[in-house]
Amino acid sequence: MSEIHIAVQAARSAGKMLRDHYNKPHHISYKGIIDLVTEMDHQSEQMVTDMLHDAFPEYGILGEEGAKSSESYTSRWIIDPLDGTTNYTYNYPLFAVSIALEKEGEIVLGVIYNPILDELFTAEKQRGARLNGQPIHVSTTPELGKALVATGFPYDAWSNPANNAAEVERFVKSTISLRSDGSAALDLCHIACGRLDGYWELDLGPWDMAAGSLIVQEAGGVVTQVNGEPFHHLKRSILANNGLIHQSMVDLLKAK
């Protein structure tokens, strides 16, 4: 079975499990003051890692909830087993399973599955991006003043002065509107299929960004760090958009 097929199979299987346990009581613990984790995060990660490892035992694994290969690998899976845990906990129906494949430091495959809407976003390097098998492309919104954008907030927002509040105020005053949906992976997918025009976030892990960044790029979008410098999934920030409003977003994010 090919890499894309096993990644899709793993994302769908974990997504079904999450959907089957959605809107039910969960055991909630905290990695930080407002950073929630449930038993379903761990069960989803275990399911995904088992399936990927069985199919490709020579590949490494990096998962948000602790799955990590100790050896050095030229290829590894990067997994967010439940992106949008807070949403899931509060029965807010916006969450996803995200799986990326990194080869020699570069993301070459991305799969993100939204089990509530049964939407499967996929991309392979230089092969385009798709939603449920159909090609997708970023929007053609030409200017920031006509754009719908999205963002999120760091888990230490209570104490960190770099909490994205000032940036949000600037964008609220410069765009059609702003959304904060609580799932970086799905925000990136929504850029890729034209539902959003731009998205940024200041503090993310590689599992939040790896798959979605490739999906955006393969859909014709632009992805950098928030300061406009070249993007890498091991950096902490991301700015993604349709390309037409990229410089305007960089300028607004750099403003003081």
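Helix H5 (residues 184-192) is largely enclosed by the rest of the structure, because 9 of its 9 residues are buried; buried here means under 20% relative accessible area with a 1.4 Å probe, protein chains only. Among these buried residues are Leu186, Asp187, His190 and Ile191. Just after H5, Gly194 takes a positive phi of about 85°. Helices (H or I, at least four residues) and strands (E, at least two) are DSSP runs, numbered from the N terminus.

The model is predicted, with local features needing pLDDT of at least 70 and side-chain atom pairs counting only at pLDDT 80 or more, while totals for chains, interfaces and linings use all residues. Residues are numbered from 1 along each chain as its sequence is written, and side-chain values use heavy atoms, leaving out hydrogens and water.

Turning to the sheet, 5 strands form an open arrangement of mixed pairing, in the order E11-E10-E12-E14-E13; two strands pair if DSSP finds at least two bridges between them. Strand E11 (177-179) and strand E13 (222-224) stand at the edges with a single partner strand each, so one side of each is left without a neighbour in the sheet. From one strand to the next, the twist averages 15°; angles run from 0 to 180 degrees between N-to-C directions, and axes are lines fitted to C-alpha atoms, for helices over the stretch in contact.

Strand E12 (residues 198-201) runs parallel to strand E10 (residues 148-151), to which 3 bridges join it. Val149 has Gly198 as its bridge partner, and Ala150 has Tyr199. With strand E14 (residues 238-241), E12 is antiparallel and joined by 4 bridges, and Trp200 stands opposite Leu239. In a regular strand the side chains alternate between the two faces of the sheet. In E12, Gly198 and Trp200 point one way and Tyr199 and Glu201 the other, and all are buried.

Two helices complete the picture. The axes of helix H4 (residues 165-172) and helix H7 (residues 246-254) come within 9 Å and cross at roughly 130°. That makes H4 oblique to H7, since angles under 35 degrees count as roughly parallel, over 145 as roughly antiparallel, 65 to 115 as roughly perpendicular and the rest as oblique. Glu167, Arg170 and Phe171 in H4 meet Met249, Leu252 and Leu253 in H7, contact meaning heavy atoms within 4.5 Å.

Technical notes:
Buried < 20%, exposed > 50% of the residue type's maximum accessible area, 1.4 Å probe, protein only.
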